[in-house]
Amino acid sequence: MTSVSLSNFQNIAVDSAPSQKLTVADGNVQTRQASTSIQGRFVSWLALQGNLDTQKAADQGAFRTALLDKYGETLGTQAYDQACNACGFSAGQNHSLTSKQVVTGVHYADEKLNSDPLAPFVSKVEVKAAEPENHDVASVLPANLLEGDFSVPDIEIRQAAVDTLDVITEFIAQKYTPEIAETVEGRIVEAEVFDKLLAEQVDPNNSVELRETISLFIDEIWLEAKKVHIESIL
């Protein structure tokens, strides 16, 4: 099933009352009207008691997935847990998805990104690592960078760049061709892309900036791969 983007949840949640229940149907987020009749409420109660209310679980799962797609595993999970707690539930409980839950989850994640320099980097790495072509990226970065240690030895920085390039060129070979991967690697090394990005840092010893530099390095490698691919088919 195709994931529903977080923006789809946001668009309907911000224009709805906090208590408005939401549901996912046909790949879109829609408002859901609660049963108001006594018979309707009794049927809903039976469904819940019998653990048959799979739609609520599906709605929660779609929202949680949307958060993880946008913010990564760590921050996305934190945001989902906070959103559930704000609605009086714990993550894993079967309950209706509401506009309040969506707004709360997104607000928590955005505030975290704005206040914590480490959170944006971890989020970027985890989102990239969730993509098939990038799933080994996080494994080759120094643990210091992911854990917030601001004293990363220069030799580890250089090795991280080399390992990152190796990992991504492997996926470039799979997605395109080994020849394209070889050309990309040669151009990246020859152009000293990582060194130039590193030189643009205001503080060479600031690992917050270093994390952003590595993220930019990853993007530059893939950008070069697209260029070489286009050249190969012209």
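**Helix packing, cysteines and buried residues**

Author: In this predicted model, the axes of helix 3 (residues 54-71) and helix 5 (residues 99-115) come within 12 Å and cross at roughly 15°.

Reader: Is helix 3 roughly parallel or roughly antiparallel to helix 5, and what is the handedness of the crossing?

Author: Angles under 35 degrees count as roughly parallel, and the two axes cross at roughly 15°. Helix 3 is therefore roughly parallel to helix 5. The crossing of these two helices, helix 3 and helix 5, is right-handed.

Reader: Which residues of helix 3 and helix 5 meet, and how many nonpolar, polar and charged residues does the contact have?

Author: From helix 3, the residues Gln60, Phe63, Leu67 and Tyr71 take part, and they meet Gln101, Val102, Gly105, Val106, Ala109, Asp110 and Leu113 of helix 5. Sorted by class, the contact of helix 3 with helix 5 has seven nonpolar, three polar and one charged residues.

Reader: Where is leucine 75 placed, is it buried or exposed, and which residues is it in contact with, leaving aside neighbours within four places in sequence?

Author: Leucine 75 has its place in helix 4 (residues 73-86). With a relative accessible area of 4%, leucine 75 falls under the 20% limit and is therefore buried. Once its neighbours within four places in sequence are left aside, leucine 75 is in contact with Tyr108, Ala109, Lys112, Leu113 and Glu126.

Reader: How many residues apart in sequence are leucine 75 and leucine 113, and what is their C-alpha to C-alpha separation in space?

Author: Leucine 113 is among the residues in contact with leucine 75. The two leucines, leucine 75 and leucine 113, are 38 residues apart in sequence, and from C-alpha to C-alpha they are 8.8 Å apart.

Reader: Which burial class applies to cysteine 84, and which to cysteine 87?

Author: Cysteine 84 has a relative accessible area of 0% and is therefore buried. Cysteine 87, at 21% relative accessibility, is not under the 20% limit for burial, so cysteine 87 counts as partly exposed.

Reader: What does threonine 169 touch, apart from its neighbours within four places in sequence, and what is its relative accessible area?

Author: Threonine 169 has its place in helix 8 (residues 154-175), and leaving aside neighbours within four places in sequence, threonine 169 is in contact with Ala181 and Glu185. Threonine 169 is buried, and its relative accessible area is 7%.

Reader: Is glutamate 224 buried or exposed, and which residues does it touch?

Author: Glutamate 224 lies in helix 11 (residues 207-233), and at 16% relative accessibility it counts as buried. Not counting residues up to four places away in sequence, glutamate 224 touches Val184, Arg187 and Ile188.

Reader: How many helices and strands does the protein have, and what percentage of its residues count as buried?

Author: The protein has eleven helices and three strands, and from the N terminus on its elements run α-β-β-α-α-α-β-α-α-α-α-α-α-α. Of the 234 residues of the protein, the share that count as buried is 38%.

Key. Residues are numbered from 1 along each chain as its sequence is written. This is a predicted model: local features need pLDDT of at least 70, side-chain atom pairs count only at pLDDT 80 or more; totals for chains, interfaces and linings use all residues. Side-chain values use heavy atoms; hydrogens and water are left out. Axes are lines fitted to C-alpha atoms, for helices over the stretch in contact, and angles run from 0 to 180 degrees between N-to-C directions. Helices (H or I, at least four residues) and strands (E, at least two) are DSSP runs, numbered from the N terminus. Angles under 35 degrees count as roughly parallel, over 145 as roughly antiparallel, 65 to 115 as roughly perpendicular and the rest as oblique. A crossing is left-handed if the near helix is turned anticlockwise from the far one by less than a right angle, and right-handed if clockwise. Contact means heavy atoms within 4.5 Å. Ala, Val, Leu, Ile, Met, Phe, Trp, Tyr, Cys and Pro count as nonpolar, Asp, Glu, Lys and Arg as charged, and the others, Gly among them, as polar. Buried means under 20% relative accessible area, exposed over 50%, partly exposed in between (1.4 Å probe, protein chains only).
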